[in-house]
Amino acid sequence: MGQVWGTRFETTEPVRDFRWTKGVESFAGWYYCMTVQGHVGYESWLERDRLILMDRDPQVVGIASQPFWLHWHDGTRSRRHAPDYFVRLADGRARVVDVRADHQVDEAATESFAATQHACEAAGWEFARVGAPDPVFMANVRWLARYRRRRCLRWPVAARLLDVFEEPLPLLDGVLEAGDRLEVLPVLFHLLWSGVLAADLRRELLHDDSLVWKERVR
């Protein structure tokens, strides 16, 4: 651990190549992450979903995929594991994240996650094994992620939306009050992505009558 104490793992390149396997439901890819202003890799749809959620989290300021190899001996043989993500938080804390659906955590994965958690504790880092997020919430956030780029933010339209949604209002009513829907909707979705505007993303899919409101600064 001491040899890598000063390494900024959130800026490292993946330690291994991403695998593409023909005929499987999940596959690897690259996601353009606004947090790091660059592409971050993923090896499954679930990893991609978790990457999108981290990208939207205002507490996350750095993300790297497959950041390092962890080596250990289990008493019988040498083992190694490359965690899925290294995350840097706004307060300087480090978090290592492994992504695996609950029903796919077998004995080997359990041992790998336990070894990773032990190493993280020794380094003063956090460790989290995360599974599948709520499907409705994730579907909404995936939609909003289409509008995550800054090019969707047009300040005059954003100012009108913030004024219109000062109090909760149905989504489409507010959009039409703010201007032409084709011009306004991308800005609205960007503001929902960034958390400037809010809606209940967990109860149901966004629709014309979804209540939208301006987030209050605490």
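What share of the contacts in the chain with a separation of 6 or more comes from residues 24 or more positions apart? Such residues account for 58% of these contacts, where contact means heavy atoms within 4.5 Å.

Welcome to this structure. It is a predicted model, in which local features need pLDDT of at least 70, side-chain atom pairs count only at pLDDT 80 or more, and totals for chains, interfaces and linings use all residues. Residues are numbered from 1 along each chain as its sequence is written, and side-chain values use heavy atoms, with hydrogens and water left out.

**Overall picture**

The chain has 218 residues, and 46% of them are buried; buried means under 20% relative accessible area, exposed over 50%, and partly exposed in between, with a 1.4 Å probe and protein chains only. Its C-alpha trace spans about 70 × 40 × 25 Å along the principal axes. The secondary structure comes to 6 helices and 11 strands. Helices (H or I, at least four residues) and strands (E, at least two) are DSSP runs, numbered from the N terminus.

**The sheet of 4 strands**

Let us begin with an open sheet of 4 strands, ordered β3-β6-β7-β8 with mixed pairing. Two strands pair if DSSP finds at least two bridges between them. At the edges stand β3 (60–65) and β8 (126–130); each has a single partner strand, so one side of each is left without a neighbour in the sheet. On average, neighbouring strands of this sheet are turned by 25° against each other, direction ignored. β8 pairs with β7 (residues 94–99) in the parallel sense over 5 bridges, and within this pair R95 has E126 of β8 as its bridge partner.

**Helices on the sheets**

The table gathers the angles, which run from 0 to 180 degrees between N-to-C directions; axes are lines fitted to C-alpha atoms, for helices over the stretch in contact.

| Helix | Strands touched | Angle |
|---|---|---|
| α1 | β3, β6 (85–89), β7 and β8 | about 10° with β6 |
| α2 (residues 107–123) | β7 and β8 | about 155° with β8 |
| α6 | β10 and β11 | about 80° with β10 |

**The sheet of 3 strands**

An open sheet of 3 strands has the order β9-β11-β10, and its pairing is antiparallel. Here β9 (169–170) and β10 (197–199) are the edge strands, each with a single partner strand, so one side of each is left without a neighbour in the sheet. The antiparallel pairing of β10 with β11 (residues 211–214) runs over 3 bridges, and A199 stands opposite V212 in β11.

**Helix α3**

Which residues of α3 (residues 135–145) are buried? They are F137, M138, N140, V141, L144 and A145. These residues cover an arc of only 160° around the axis, which puts them on the same side of α3; the arc is that of the directions from the helix axis to the C-beta atoms. Their cover includes α1 (45–56) and α6 (181–194).

**Cysteines**

Finally, the count of disulfides is 0, a disulfide being a pair of cysteine sulfur atoms within 2.5 Å. C33 is in no disulfide, as the nearest cysteine sulfur, that of C152, is 16 Å away. C33 counts as buried at 0% relative accessibility, and C152 is buried too, with a relative accessible area of 14%.
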